[in-house]
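Let's take a walk through this protein chain together, from the overall picture down to single residues. Please keep the viewer open as you read.

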Amino acid sequence: MERDQKINCTVTSCKYNKEQEQECSLKQIIVTPIENCDTKQPDESMCSSYRNK
């Protein structure tokens, strides 16, 4: 795994989103599973580092 990964993000309501670059300004994020969700799709997880602007 690369050491200098980028976290791309298009969630414009998040205070960590650098909208022009579509990147997260945090060095790392926390990804959390959603309870009782077993869809085998991306909606099983969410970014717990999200903060509203």
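The paragraphs below start with the whole chain and then turn to individual residues.

A word on the ground rules: this is a predicted model, in which local features need pLDDT of at least 70 and side-chain atom pairs count only at pLDDT 80 or more, while totals for chains, interfaces and linings use all residues. Residues are numbered from 1 along each chain as its sequence is written, and side-chain values use heavy atoms, with hydrogens and water left out.

Let's begin with the fold. The chain has four strands and zero helices; both are DSSP runs numbered from the N terminus, where a helix (H or I) takes at least four residues and a strand (E) at least two. Followed along the sequence, the pattern reads β-β-β-β. The C-alpha trace spans about 35 × 30 × 15 Å along its principal axes.

How much of the chain is buried? Of its 53 residues, 11% count as buried, a label for under 20% relative accessible area, with exposed meaning over 50% and partly exposed in between (1.4 Å probe, protein chains only). The accessible surface comes to about 4900 Å², and 47% of that belongs to carbon and sulfur atoms; these areas come from the Shrake-Rupley method with a 1.4 Å probe, and for residues only the protein chains shown count as cover.

Contacts and charges complete the overview. A contact means heavy atoms within 4.5 Å. Among contacts between residues at least 6 apart in sequence, 24% join residues at least 24 apart. The chain carries 8 positive and 9 negative charges, and their mean positions are 8 Å apart. Here Lys and Arg count as positive and Asp and Glu as negative, with His and the chain ends not counted; each charge is placed at NZ of Lys, CZ of Arg, CG of Asp or CD of Glu.

Now zoom in on Asn 17, which sits in strand E1 (residues 17-18). Asn 17 is buried because its relative accessible area is 9%. What does the side chain of Asn 17 reach? It comes to 3.3 Å from the backbone oxygen of Val 11. Not counting residues up to four places away in sequence, Asn 17 touches Cys 9, Thr 10, Val 11, Thr 12 and Glu 23.

Two of these partners deserve a visit. Val 11 lies in the segment before E1 and is partly exposed, since its relative accessibility is 38%. Leaving aside neighbours within four places in sequence, Val 11 is in contact with Asn 17 and Tyr 50. Glu 23 belongs to strand E2 (residues 23-24) and, at 16% relative accessibility, counts as buried. With residues up to four places away in sequence set aside, Glu 23 touches Lys 6, Ile 7, Asn 8, Cys 9, Tyr 16, Asn 17 and Lys 18. Val 11 and Glu 23 are twelve residues apart in sequence, and their C-alpha atoms are 9.3 Å apart in space.

Next, a look at the backbone. Gln 22, in the loop between E1 and E2, has phi near 55 degrees, a positive value in a residue other than glycine. Gln 22 is partly exposed because its relative accessibility is 45%. Lys 40 also has a positive phi, near 65 degrees, and is likewise a residue other than glycine. Lys 40 is in the loop between strand E3 (31-33) and strand E4 (45-47), and it counts as exposed because its relative accessibility is 64%.

Finally, the cysteines. A disulfide is a covalent bond between the sulfur atoms of two cysteines, taken here as a pair of those atoms within 2.5 Å. The structure holds zero disulfides. Cys 47 is in no disulfide either, and its nearest cysteine sulfur, that of Cys 24, is 6.3 Å away. Cys 24 is buried at 13% relative accessibility, whereas Cys 47 is partly exposed with a relative accessible area of 34%.

Definitions and conventions:
A polar contact is a pair of N or O atoms within 3.5 Å; within protein, one must be able to donate a hydrogen and the other to accept it, and residues adjacent in sequence count only if both atoms are side-chain atoms.
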